[in-house]
Structure formats: C-alpha cells, structure tokens
Amino acid sequence: MQKKTEELLKKFERDHEVYVSATEEPTAWTVYARIPRSHAPGTHHLHVGRKYLSGPNEHGTVRILRDPVSGDAYSTESWGPMALIDDFVEKALDHILEEKNAMDHGKEAACGPSCI
C-alpha cells in the first residue's frame with residue numbers, strides 16, 4: 001500500500017470519525033470500517049461494522065459484509081477495475097461515506113444495487 005493511501009485513511013478517520021483499517025495479502029484485500037450510528041446528545045456513540053473484501057484477481061467484484069461480527073451474510077457489488085489495493089481503498093472510502101451519510105439522515109444503511 002502506498003504512503004499516500006495510508007495518509008488518506010488517517011485523514012478519513014479524522015474528518016469523518018470513522019475507524020478504518022486496510023489489509024493487503026497476496027490474493028486478497030480487506031477494508032474494515034466502524035461507522036458511528038448514533039449522534040443523539042448524551043448517548044454513547046454506537047458503531048456499525050462493515051467489511052469489504054476483494055483482491056487483484058476478483059475483476060472488480062467486492063463482497064460486503066454488513067454485520068461481520070455476528071454473521072457471514074454478504075452482498076456482492078461490481079466496483080469496476082482495481083489494479084492495486086490503493087484503488088480498492090479509495091472506492092471503499094467512497095462507499096463508507098455513503099453508508100455514514102445514509103445513517104446520519106435516519107436511514108438504517110445505504111444499500112448498493114445488489115443489496116438483498
């Protein structure tokens with residue numbers, strides 16, 4: 001992973017208060033996010049976990065685990081060509097921000113085109 005991508009992850013965490021980590025293996029890429037769910041005054045900030053899985057041989061296919069702590073159920077989306085983990089991280093951050101904005105506006109979660 002390039003240094004600029006690591007800096008992008010840190011900046012994203014600071015700007016959006018979302019905890020994000022990225023892992024690169026030879027055949028798999030993983031981005032894990034903890035997105036804040038509640039901003040009500042006087043309440044503890046609850047977080048929702050999201051895990052995004054892809055890899056260099058997946059041809060843009062991404063598996064999204066909407067609740068990775070309690071189950072292995074996932075949806076699949078196509079995010080277009082991604083040659084490096086850096087491409088994957090950038091697209092994952094866009095998706096995470098979309099999820100966060102949906103939750104901030106009272107929706108339970110943003111759901112991609114393949115959400116069941």
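Tutor: Happy to! Let us start with two residues: Arg 66 is buried, and Glu 99 is buried too. This is a predicted model, and the side chains of these two residues meet in it through a salt bridge, with 2.8 Å from N to O. Arg 66 sits in the loop between E4 and E5, whereas Glu 99 belongs to helix H2, so this pair ties together parts that lie 33 residues apart in sequence.

Arg 66 has another partner. Its side chain also meets that of Glu 77 in a salt bridge, here at 3.9 Å from N to O. The loop that holds Arg 66 runs between strand E4 (61-65) and strand E5 (74-78), and Glu 77 is in strand E5, so the contact ties together parts that are eleven residues apart in sequence. Like Arg 66, Glu 77 is buried.

How many salt bridges does a search of the whole structure find? The search finds six. One of them joins the side chains of Lys 4 and Glu 90, at 4.0 Å from N to O. This pair links distant parts of the chain, with Lys 4 in helix H1 (residues 3-16) and Glu 90 in helix H2 (residues 85-104), 86 residues apart. Glu 90 counts as partly exposed because its relative accessibility is 36%.

Now for the surroundings. Five strands make up an open sheet, in the order E1-E2-E3-E4-E5, with antiparallel pairing. E1 and E5 stand at the edges with a single partner strand each, so one side of each has no neighbour in the sheet. On average, neighbouring strands of this sheet are turned by 20 degrees against each other, direction ignored.

You can follow the sheet strand by strand. Strand E1 (residues 19-24) pairs with strand E2 (residues 29-36) in the antiparallel sense, over six bridges. These two strands form a hairpin, with four residues between them, and Glu 24 has Trp 29 in E2 as its bridge partner. E2 in turn pairs with strand E3 (residues 47-54), again antiparallel, this time over eight bridges. Look there for Thr 30, which stands opposite Leu 53 in E3. E3 is joined to E4 by three bridges, and the two run antiparallel; the bridge partner of Lys 51 in E4 is Leu 65. Helix H2 packs on this sheet, touching E1, E2, E3, E4 and E5, and its direction makes about 20 degrees with that of E2. H2 is also the helix that holds Glu 99, one of the partners of Arg 66.

Finally, a word on confidence. The protein chain averages a pLDDT of 85, and 84% of the residues score at least 70. Over residues 110-116, however, the pLDDT is below 50, although this stretch has 13 contacts in the model beyond near neighbours in sequence. Where pLDDT is low, the predicted coordinates should not be read in detail.

Note on methods. Residues are numbered from 1 along each chain as its sequence is written. This is a predicted model: local features need pLDDT of at least 70, side-chain atom pairs count only at pLDDT 80 or more; totals for chains, interfaces and linings use all residues. Side-chain values use heavy atoms; hydrogens and water are left out. pLDDT is the predictor's confidence in each residue, from 0 to 100. Contact means heavy atoms within 4.5 Å. Two strands pair if DSSP finds at least two bridges between them. Buried means under 20% relative accessible area, exposed over 50%, partly exposed in between (1.4 Å probe, protein chains only). Axes are lines fitted to C-alpha atoms, for helices over the stretch in contact, and angles run from 0 to 180 degrees between N-to-C directions.
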